[in-house]
Amino acid sequence: MNLNRKQEGFTIVELLIVIVVIGILAALVITTFTGIQQKARDTERTTDIKALHGQIEAYFAQQQKYPTLANMNDSAWRTQYMKGLDQDALKDPKGGSTPTLVAAPASGAYAYAVLASDDTACDNSTKDCTKYTLTATLEQGGTYTKTNLN
């Protein structure tokens with residue numbers, strides 16, 4: 001009998017250990033990558049809100065009133081009065097299909113609340129809109145808000 005036979009290959013225990021280690025490393029990479037993507041989308045949201053804020057303040061400087069929510073959601077109006085605004089600035093970075101502002105903060109949308117000086121609703125026909133708040137809901141928690149300068 002030959003008792004000094006040399007084994008070749010890996011045992012099942014060694015293979016299982018390697019598979020578990022690879023699984024742990026893959027989970028860490030996926031978790032980190034997801035967090036980086038969320039942070040990038042949140043950064044894009046804050047950049048979009050800042051761009052909107054600048055365009056709205058420029059409109060106020062010319063018109064002495066802020067645009068209504070209906071104005072802001074009208075692409076033809078935005079093209080005419082907010083020439084420096086990228087039309088995709090109102091789309092949510094996570095996959096929003098239509099550029100839209102909503103009245104109250106919601107997941108996946110930017111909110112634009114506009115008021116008259118007496119804190120009531122305005123439409124720029126009976127009362128001028130003199131206050132506003134822009135809001136983006138962030139994936140990593142919280143909201144980002146910009147308000148009128150006046």
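User: Why is N124 called buried?

Analyst: N124 has a relative accessibility of 15%. Buried means under 20% relative accessible area, exposed over 50%, and partly exposed in between (1.4 Å probe, protein chains only). At 15%, N124 therefore counts as buried. The model is predicted, so local features need pLDDT of at least 70 and side-chain atom pairs count only at pLDDT 80 or more, while totals for chains, interfaces and linings use all residues. Residues are numbered from 1 along each chain as its sequence is written, and side-chain values use heavy atoms, with hydrogens and water left out.

User: Where is N124, and what makes its backbone stand out?

Analyst: N124 sits in the loop between β2 and β3. Helices (H or I, at least four residues) and strands (E, at least two) are DSSP runs, numbered from the N terminus. Phi of N124 is near 65 degrees, a positive value in a residue that is not glycine. Q64, in the loop between α1 and α2 (69-73), also has a positive phi, near 60 degrees.

User: How do you know that the length of α1 agrees with its residue count?

Analyst: The expected span of a helix is 1.5 Å times one less than its number of residues. For the 52 residues of α1 this comes to 76 Å, and the end C-alpha atoms are 76 Å apart, so the two agree. Q64, with its positive phi, comes just after α1.

User: Why is the pair R45 and D92 called a salt bridge?

Analyst: A salt bridge is a side-chain nitrogen of Lys or Arg within 4 Å of a carboxyl oxygen of Asp or Glu. The closest N and O atoms of R45 and D92 are 2.9 Å apart, so the pair qualifies. It links distant parts of the chain, with R45 in helix α1 and D92 in the loop between α3 (75-81) and β1, 47 residues apart. D92 is at 10% relative accessibility and therefore counts as buried.

User: How many salt bridges are there in the whole structure, and which residues form a network?

Analyst: The search finds eight. R41, D42, R45, D92, K94 and E139 are linked in a network of salt bridges.

User: Why are β1 and β4 called edge strands?

Analyst: Two strands pair if DSSP finds at least two bridges between them. The four strands form an open sheet in the order β1-β2-β3-β4, with mixed pairing. β1 (101-102) and β4 (143-147) each have a single partner strand, so one side of each has no neighbour in the sheet. β3 and β4 pair in the antiparallel sense over five bridges.

User: What makes a nonpolar core, and which residues have the most contacts inside the largest one?

Analyst: A nonpolar core is a set of buried Ala, Val, Leu, Ile, Met, Phe, Trp, Tyr and Cys residues joined through side-chain atoms within 4.5 Å. The largest has 24 residues, and L52, I56, Y66, M72 and Y112 have the most contacts inside it. Two or more residues come from each of α1 (12-63), β2 (110-116) and β3 (129-137), and α1 gives the most, with five.
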